[in-house]
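Welcome! Please take a moment to look over the chain below, and then we can go through some of its features together.

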Amino acid sequence: MPQTKPIVSIENVVASASVDQKMDLNEITRNFPDVEYHPDQFPGLVFRLKSPKTATLIFTSGKMVCTGAKSEEMARSAVKSVVQKLRKGGIKIKKDAVVDIQNIVASINLGGKIHLEQAARTLPRSMYEPEQFPGLIHRMLDPKTVILLFSSGKLVCTGAKKEPDVYRSVNNLHSLLEEKNLMIYD
């Protein structure tokens, strides 16, 4: 049983969505003066929401990418909210958006330090080149995530598609670090 309980904070949930129809981004720009659209620089339009605080990229294909959400639920509700606002603003959208979670990024504090040199030698599928990057990169197979480990005991977990996978990855890794005596508690 690990000596500390990891403190996990979900920082960003990235979701893709599609309304399965072509979108006229110029019409959206005319109806919503707050959106950002610079087709010469980027093909998508940026639709920001204050609550939940997110940015949704909208493309002419009807595809969308929502970033900035702090939970899967928040990402889904942000996309739903964008579609509702577009409809209210006179943009004809036949179908509701189908939302898929693409990536969840979380920061974690294990509450102790990590012996990175030893961890690099002990953990499979790990890469540690301190001259290039101060963290150890660990690729987990189940659930499929990538975890960055720092000697401070802080981690960044990325690649999860479901929130429970973040917790499962972190807890599996924390147990493994404890088991291999790679954690240092003051």
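How much space lies in the largest pocket? In this predicted model, the largest pocket holds about 290 Å³ of space. Let's start with that pocket and then turn to the aromatic rings.

**The largest pocket**

- The lining of the largest pocket is made up of 14 residues. Phe47, Arg48, Leu49, Lys50 and Thr54 are the ones that lie nearest the centre.
- Three elements, β3, β4 and β5, each give two or more residues to this lining. β3 gives the most, with four residues.
- By residue type, the lining of the largest pocket has six nonpolar, three polar and five charged residues.

**Aromatic pairs**

- A search of the whole structure turns up three aromatic pairs.
- One of them joins Phe42 and Phe59, with ring centres 5.8 Å apart. Their planes meet at 65°, and edge-to-face means over 60 degrees, so this pair is edge-to-face.
- Phe42 sits in the loop between β2 (36-37) and β3 (45-49), while Phe59 sits in the loop between β4 (54-58) and β5 (63-69). The pair therefore links distant parts of the chain, 17 residues apart.
- Another pair is Phe133 with Phe150: the ring centres are 5.8 Å apart and the planes are at 65°, so it is edge-to-face as well.
- Phe133 is in the loop between β8 (126-127) and β9 (136-140), and Phe150 is in the loop between β10 (145-149) and β11 (154-160), so the pair ties together parts that are 17 residues apart in sequence.

- Phe42 has 36% relative accessibility, so it counts as partly exposed.
- Phe133 is partly exposed too, because its relative accessible area is 31%.

Key: Residues numbered from 1 in each chain as written. Predicted model: local features only at pLDDT ≥ 70, side-chain atom pairs only at ≥ 80, totals over all residues. Heavy atoms only, no water. Phe/Tyr/Trp six-rings, centres within 6.5 Å; stacked < 30°, edge-to-face > 60°. Buried < 20%, exposed > 50% of the residue type's maximum accessible area, 1.4 Å probe, protein only. 1 Å grid on protein atoms, 1.4 Å probe; cavity = no way out; pocket = protein on both sides within 12 Å on 5 of 7 lines; lining within 4 Å. Points joined across faces, edges and corners; volume = space filled by probe spheres on them. Nonpolar A, V, L, I, M, F, W, Y, C, P; charged D, E, K, R; others polar.
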